[in-house]
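The tour moves from one selection to the next.

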Amino acid sequence: MKVTLKWLKEFVDFSLTPDELAHALTMAGLEVEEFYTERHDFSKIVVGKVLSVEKHPNADRLTVCTVDTGDGQFSVVCGAPNVSPGMLSPFAMNGGTVANGMKITSREVRGVKSSGMLCSEAELGLSERAAGLMVLPENTPVGLNMEDYVGNPDTVFDISITSNRPDCLSIIGIAREIAAITGTSLKKQKTTFAVTPQENIDDYIKVDIKNSFKCARYSGRLIQNVKIKPSPFWLASRLHSVGIRSINNVVDITNYIMMETSQPLHAFDYKKLAGKTINVREAVDGEKFVTLDEQEHILDKEALLICDAEKPVALAGIMGGLNSEVDNSTETIFLESAYFDPGNIRRTAKKIDLFTESSRRFERGTDPNGTVFAMDRAAKLMQELADGRVLSSFIDNYPRKITPVEIDLSVKNTNKLLGTNLSAENITAYFPALEIGINKQENDLIQIKAPTFRPDLTREVDIIEEIARLYNYDNIIPVLAPPVNQEQEANQKVNFKDQVRHYLAGFGFKETVAYSLVSEKLAEPFIPSKNEFAQLLNPISRDMAGFRPSILLSLLTTVAYNRNRQKSNLRLYEIGNVAWKDQQKEGFTEFTQIGGILAGKSQEQSWYGPEESYNFYDIKGAVAALLHKCGINGYEQGQVVEPFWDVESSSILINGKYCGAFGKFNQDVCSLFKIKVADIYGFFINYEELFENRLKDKKYDPVSKFPSVPFDLAILIDANIALHEIEKEIKNSAGPHLIKIRLFDFYKGEQVKKGKKSIAFSLTFSSKECTLGDEEVEQAVNNVLAHLNKLFGAVLRPG
Amino acid sequence: MAENLQTIIAQISEIAAEFNKDIQQTKSRDDTEQVKVKFLSRKGVVQNLFVLLGTLENQDRPRAGAELNRLKNDIQNAIDEKLKSFQTGKRSIELFDPTLPGKEYHIGSFHPLLQVLDEIKDIFVGMGFRIEEGNEIETDYHNFEALNIPPDHPSRDMHDTFYMGGKYLLRTHTSPVQIHTMEQQKPPIRMIAPGKCYRKDTPDASHSPIFNQVEGLCVDKGVSFGDLKGVVQAFAQKMFGKDAKVRFRPSFFPFTEPSAEYDFSCFCKGKGCRVCKNTGWLEISGAGMVDPAVFGFVDYDPQVYSGYAFGMGVERIAMLKYRVNDIRIFYENDVRFLEQF
């Protein structure tokens, strides 16, 4: 919302500098985004008198004019259609600069010399009007510098208005705030004007409101004999300052009053209204209507229409119709000033995606008791600027009267909520400028009447905010109370996640955070069968069409991004949410996943050794280390179900449940991500499972004071027996003193029988009670051998 | 030739004695290597005894195996010791160069956004707040309605929302976590909700459709706006140093009343710089006293309880802290960027 300093000063007196005003408004909740003084470079731009106008010899649309500046006469080629002998207009002399930065010099235009330029308002940056030369009043002194004609430049404030303050979408609203901040009051504005006597508006028009909820009030005036013409310079330039285009005097007046009062007005061409009737009714489903901007809208029965006896003529509160628009031949205006239900206007504007200055105000809430004031302000201007004759009587249908809200305010509650110590007098002192009325005041209680232009004031707490605002938040003293409810338990689920992050960073993985919105194409291989992509209805792009179904998708995207930047060796992790749409039930499945990735070389060629590439056992090592740190030692492996893995892959089963998988990504998925070399290994684990199965209660296990005894055991065993099975059975049969099993040799191939493998474990035995004797260790190993032999047919490997 | 246990044990003792004599006489690496070949090679003395193991009775094998293993280990250790003793010789001194680079480590790291988030979490946990998390796919009810943002309310314009069909959407703030928490617990409540949020912004240097937010909530008897200012100020000082100042300005949020925007003093200490656009203040986020209407949705009595809520953008703070000038960099995960943290 743009306002100007001069305009504000018409409604309130204050002496703040622009800087001080910007700060004061910001600290009262009206954030000033920027403010600037309009600067025009008017040096060498003076009032010129057009002495003669001749046709240009070589161009139909150009004229050659003689312009007098008092100091001399200049011959100028001019293209403006409104140039005429005797007119006064701004004249830029050679050396002057116009608004677009062009410097005026003597030059030839189609073979005729031209010195200087006659200017439009747009060329001087005073308004958008560019169609013709700026016409200056006859009594303007010739040769006067334009700066002296235009006066001091105005200062424009661009203020961001929060959606609860529709009253501040107006000059008066902001002036009222300034009055409240500075402790003064608003200047009263006159709405008096001459009226035609003894005519009854009912003879001209009847208004019928069919839905008083959607239209609580409809006021209107008839103005006859208007002359549609360009607005005077002051009006066009003021609208220009606040960002509104000048159209003609009547339309400009409605906009000007809307900016001043926040009450949107609409001017109908009375002769285009059939049957001397206005009907305010709901549309029928599918009803079509063409608005002023020549767009056709298809409406539903929620929408509210302003109709004449035959047809809709305006889309209530949003935009007028093309069929009743004011044009140059308009003689009589029917001026509408109404109150429409905010929710209904918003729903309609949203449905047809048409937001206007008018709808913006109605949907936030205008003042139902301000319709006549705004209408009369406009009528006054129409009389002054369009020679209009205002009919004495007017329409004011107000079937659903909206009265001020009464609120009980407790001084005690105010101080309790704000942490202040204000007296009733302190508090009530803020009310007059805000036009908050006081019905009565008893002890702690103040009964308040909130003005109807403030739809945001309905409860005690709303009034407390007004008090806090004007007291100034800065003056409320910060209190740091001792922490309450420190007894509450920490959130283990959050803490453990942070622990997992520390483990992975400790293992040398770098943490990444990727966009969790991805394309459907990349998501496809990661969505479990029988589920669907969690798609957005209104994505910003195809690349961000829905929620990622896997953390690995993000990590592969990151790998591709870095590989495109010559970073091929990567060791990354990410923890984040993934989701998909459930086919089985309503809604979405969303959960947290941990993912890690190893890409390229684990070690580059160096002075101490050759290069090494990551392999399956690197990623398995990472998974095992993570599970170990989480206290999960008994995981099992199985077949993977995800389609993106290579044969070198394995699932992670904890207590028999599929909790994740690891391995090498296959060529197809690498190609999908445009990763050229398929040397990427990864893992994912669902966080919930890791959290649930973690070792919750760590307890110290005393270490033995006695020496441990190592024993190497080499066996031959069927090649298809899984190592974790063998280790499990060794543990099952070795007795209580086996404390560690470590595989140190593995061989499959020519040296051993087909279908067999040779494996060697280093077993460590130790007791907490005594030094183990050879006999005990031998017995244990014998038991292991016998057990493995019985179960798997394993035999001791011959030396 | 079948052996019995006693003869094997006896041979082990003899070999041990012989080895001890040999190893004592070695005077160089080469001498020692020769002794190693004699005792430990594939056709060495010890290996020969291992072959004999196979001829023992089954019940004797483990005992003999254990003894033999021990002998082998002892010999290996003694040879290693001896070899090491020669390493201080001239040759190895020549090879040693302390300026050669050390072996490379894989250096793990935390993402800068989450480092900042960790810091924020630590500060609030220290002030008695509990961390709560929630889903990123939320319902309209929890993201809007229960926060006093009814359908068709203009304040929804502040939240350009991604919709997922039906009642589902991507949360536009972490405030729904507060609603879930209040639905499940009675006051007193002191919590923060960190997490990813989504708004339909086209990515550019200062906008990201995905961003991280921390929202705080405190509900108890007698909680005041002064308490809110106190907590936010304490946070600013812990995060940015004891000279950090906080400024509160009135604003509007449907879920708080009174509502505020709060700013932190700029690093330029009010002198004015490019970062603060010469205002001396950095806009951080919004805060306020919980609107009684919100309490209505979670069945708290606003006559008994009051509370404050505040929010902050993690990216905003990380950008200020690390002088990052483009928000998109955080989500690119360029390792040359990540390595710097």
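The stops below cover aromatic pairs, an aromatic cluster and a charged patch. The model is a predicted one.

**Aromatic pairs in chain A**

Across all chains, a search of the whole structure gives 44 aromatic pairs. Select Phe496(A) and Phe691(A) to see one that is tilted, with 6.0 Å from centre to centre and 55° between the planes. Colour by secondary structure next: Phe496(A) sits in helix α14 (residues 492–506) of chain A, and Phe691(A) in helix α19 (residues 687–693) of chain A. The two are 195 residues apart, and their pair links distant parts of the chain.

Now select Trp607(A) and Tyr608(A). Their ring centres are 5.4 Å apart and their planes lie at 85°, so this pair is edge-to-face. Tyr608(A) has a relative accessible area of 23% and is therefore partly exposed.

**The aromatic cluster**

Select Tyr473(A) together with Phe124(B), Phe129(B), Phe225(B), Phe235(B), Phe240(B), Phe248(B), Tyr262(B), Phe264(B), Phe267(B), Tyr308(B) and Phe310(B); ring pairs link these residues into a cluster.

**The positive patch in chain B**

Finish with Lys242(B), Lys245(B), Lys269(B) and Lys271(B), which form a surface patch of positive charge. Centre on Lys269(B), in the loop between β8 (256–265) and β9 (281–290) of chain B. Is Lys269(B) buried or exposed? Its relative accessibility is 64%, so Lys269(B) counts as exposed, the cut-off being over 50%.

Technical notes: Residues are numbered from 1 along each chain as its sequence is written. Chains are lettered from A and ligands numbered from 1 in the order in which they are written. This is a predicted model: local features need pLDDT of at least 70, side-chain atom pairs count only at pLDDT 80 or more; totals for chains, interfaces and linings use all residues. Side-chain values use heavy atoms; hydrogens and water are left out. Patches are made of residues with over 30% relative accessible area and no salt bridge: like charges are joined within 9 Å, nonpolar side chains (Val, Leu, Ile, Met, Phe, Trp, Tyr) within 5 Å. Accessible areas come from the Shrake-Rupley method with a 1.4 Å probe; for residues, only the protein chains shown count as cover. A salt bridge is a side-chain nitrogen of Lys or Arg within 4 Å of a carboxyl oxygen of Asp or Glu. Lys and Arg count as positive and Asp and Glu as negative; His and the chain ends are not counted. The place of a charge is taken as NZ of Lys, CZ of Arg, CG of Asp or CD of Glu. Helices (H or I, at least four residues) and strands (E, at least two) are DSSP runs, numbered from the N terminus. Buried means under 20% relative accessible area, exposed over 50%, partly exposed in between (1.4 Å probe, protein chains only). Rings of Phe, Tyr and Trp (its six-membered ring) pair if their centres lie within 6.5 Å; planes under 30 degrees apart count as stacked, over 60 as edge-to-face and the rest as tilted.
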